[in-house]
Amino acid sequence: IEKLRGIEGGWVKKRYQALAAEHGFQWVSRESLPRRYQDALGYATSTLYGLAEAVIMAAGYSPSIGFIHSGDRRSLVFDLADTIKFATVVPLAFCIAGGECADVRSTVRRACRDLFRRERIIDRLFDNLEYGLRCES
């Protein structure tokens, strides 16, 4: 598990670095991002986490039974969200933060809603959850 966490952490850092470079700045840490980007990422990931938790609860599972994440009441939420986060809401947040919208929070929330509908994210999350929890002999 520790090896997996290390691999995931390295991949995540590289993905953030690439997105930051595309938007004209260097990634050091989330806290080093311009405030607008921090806010957009926070709103976007929170929206995804809420949807992931709803999917987990609707499927009848406990949000605390994570695979990679552990020690939090939402460990499975983070694991499930991570299966699609960098293909969906993270790039979306960077694009919105790099734009000229006046209200980042509501723009991100509406854009996430539209993305979730268009890309059938609920179905993808259910499929990913079932795949992750499948026990085969």
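The structure holds 0 disulfides, a disulfide being a pair of cysteine sulfur atoms within 2.5 Å. This is a predicted model, in which local features need pLDDT of at least 70 and side-chain atom pairs count only at pLDDT 80 or more, while totals for chains, interfaces and linings use all residues. Residues are numbered from 1 along each chain as its sequence is written, and side-chain values use heavy atoms, leaving out hydrogens and water.

**Cysteines**
- A disulfide is a covalent bond between the sulfur atoms of two cysteines.
- The sulfur of Cys101 is too far for a bond, because the closest cysteine sulfur, in Cys95, is 11 Å away.
- For the sulfur of Cys112, the closest cysteine sulfur is also in Cys95, and at 12 Å that is too far for a bond.

**Aromatic rings**
- The count comes to 7 aromatic pairs; rings of Phe, Tyr and Trp (its six-membered ring) pair if their centres lie within 6.5 Å, and planes under 30 degrees apart count as stacked, over 60 as edge-to-face and the rest as tilted.
- The rings of Tyr16 and Phe94 have centres 6.4 Å apart and planes at 40°, so this pair is tilted.
- Phe94 also forms a stacked pair with Phe25, at 6.4 Å centre to centre and 15° between the planes.
- Both Phe25 and Phe94 are buried (under 20% relative accessible area; exposed is over 50%, partly exposed in between, with a 1.4 Å probe and protein chains only).
- Ring pairs link Tyr16, Phe25, Trp27, Tyr37, Phe86 and Phe94 into a cluster.
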